[in-house]
Amino acid sequence: MVGAASQQELDLGIEAGAGTIDDGLGEIAYDLSDMRRYERVTFSLPLGYYRNLAAMRASPTRIEDPRPLRFMTPETAEAVRVSLRRQFAQEPATLRELQYGALVANFAALHGAGARIVIASDSGSQGQFHTDAIWNEMGAWHAAGVSIADTLRAATSIPAALLGEPDIGRLVRGARADLVLYLGDIRDGAFDAARVVTVVKAGNILIERGLLTTAALRPDPSIWALQD
């Protein structure tokens, strides 16, 4: 993996044979005149993270929404809110938050040129809560003009191929998978974590009707061993 925040770092990463080029969406004007230079590279470019930051700055009441923090202790949740209030009371630390339109244009051009890109959630970053991160990212992709099918592939089969794991990321006999039950047709409406009803991991129900189950709160170590 190569984190590229400049054209020089991108070029060095490609020359070194990097499997993934991470970040750089706001700093690099990708040369799309010859896509062969990118044919061995998978891009991991957070987009929804900055969309989420811009939305929270524009509407600070989003910080008070309890749903993304519902799996935290009350003390941790309040500490997160205090930190976010402090952040949005100041000028942005990065211009990406103010130039989101430019990020979308850069992303759309790269995707439209046929670059291989995977969902990169930046989960756990300031304001990008674990509960919503992947959904924010998929929502940003779709808002940028990517189809639902391509967005889902970027979160499943493409990263599975990148990891060299033939038995995940696709629906075939013998594959292993976690399971998400989603309210309604995923092709209809926005990607939204609030529509997730149930989560099954390694054969155990961890979230049911939006709530953590006993299996999630007191997991059997053998459950997590199956992930390794």
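**Entry 1: Arg 51**

I began with Arg 51. Arg 51 is partly exposed because its relative accessible area is 34%, which falls between the 20% limit for buried and the 50% limit for exposed. I note here that I am working with a predicted model.

I looked up where Arg 51 sits and found it in helix H2. Next I asked which residues Arg 51 touches, leaving out those up to four places away in sequence. The list is Tyr 100, Asn 136, Gly 139, Ala 140 and Ala 143. I also checked one distance. Arg 51 and Ala 120 lie 69 residues apart in sequence, and their C-alpha atoms are 13 Å apart in space.

**Entry 2: the second largest pocket**

Arg 51 turned up again when I looked at the second largest pocket. Arg 51, Asn 52, Arg 62, Asp 132 and Asn 136 are the lining residues nearest its centre. The lining has 22 residues in total. I noted a volume of about 500 Å³ for this pocket.

Which helices each supply at least two residues of this lining? I found helix H2 (48–58) and helix H5 (133–143). I then sorted the lining by residue type. It divides into 9 nonpolar, 7 polar and 6 charged residues.

**Entry 3: helix H5**

H5 was my next stop. Is H5 mostly covered or mostly uncovered? H5 is mostly covered, with 8 of its 11 residues buried. I wrote down the buried ones: Ala 133, Trp 135, Asn 136, Glu 137, Met 138, Gly 139, Ala 140 and Trp 141. Asn 136, Gly 139 and Ala 140 are also among the residues that Arg 51 touches.

The partners are H2, helix H4 (100–112), strand S4 (116–118), helix H6 (148–155), S5 and S6. After H5 comes Gly 145, which has a positive phi near 100 degrees.

**Entry 4: the sheet from S5 to S8**

S5 and S6 pack against H5, and I followed them into their sheet. The sheet is open and has 4 strands in the order S5-S6-S7-S8, paired antiparallel.

I went through the pairs in turn. S5 pairs with strand S6 (residues 196–201) in the antiparallel sense, over 4 bridges. In this pair, Tyr 182 stands opposite Val 196, and Leu 179 stands opposite Val 200.

S6 also runs antiparallel to strand S7 (residues 204–208), and 4 bridges join the two. Here Val 199 stands opposite Ile 207. How many residues lie between the strands in the hairpin of S6 and S7? There are 2. I noted that Ala 202 takes a positive phi near 50 degrees in this hairpin.

**Entry 5: the whole chain**

I stepped back last. The chain has 9 helices and 8 strands. Its radius of gyration is 19 Å, close to the 17 Å that the globule rule gives for 228 residues, so the chain is as compact as a globular protein of that length. The C-alpha atoms fill a box of roughly 55 × 50 × 35 Å along the principal axes.

Of the 228 residues, 35% count as buried. I took the contacts between residues at least 6 apart in sequence, and 50% of these join residues at least 24 apart.

Note on methods:
Residues are numbered from 1 along each chain as its sequence is written. This is a predicted model: local features need pLDDT of at least 70, side-chain atom pairs count only at pLDDT 80 or more; totals for chains, interfaces and linings use all residues. Side-chain values use heavy atoms; hydrogens and water are left out. Two strands pair if DSSP finds at least two bridges between them. On a 1 Å grid over the protein atoms alone, a cavity is a set of points where a 1.4 Å probe fits but cannot get out, and a pocket is an open set with protein on both sides within 12 Å along at least five of seven lines; lining residues have an atom within 4 Å of a point. Grid points are joined across faces, edges and corners, and a volume is the space filled by probe spheres set on the points. Ala, Val, Leu, Ile, Met, Phe, Trp, Tyr, Cys and Pro count as nonpolar, Asp, Glu, Lys and Arg as charged, and the others, Gly among them, as polar. The radius of gyration is taken over C-alpha atoms; the globule rule is 2.2 Å times the number of residues to the power 0.38. Buried means under 20% relative accessible area, exposed over 50%, partly exposed in between (1.4 Å probe, protein chains only). Contact means heavy atoms within 4.5 Å.
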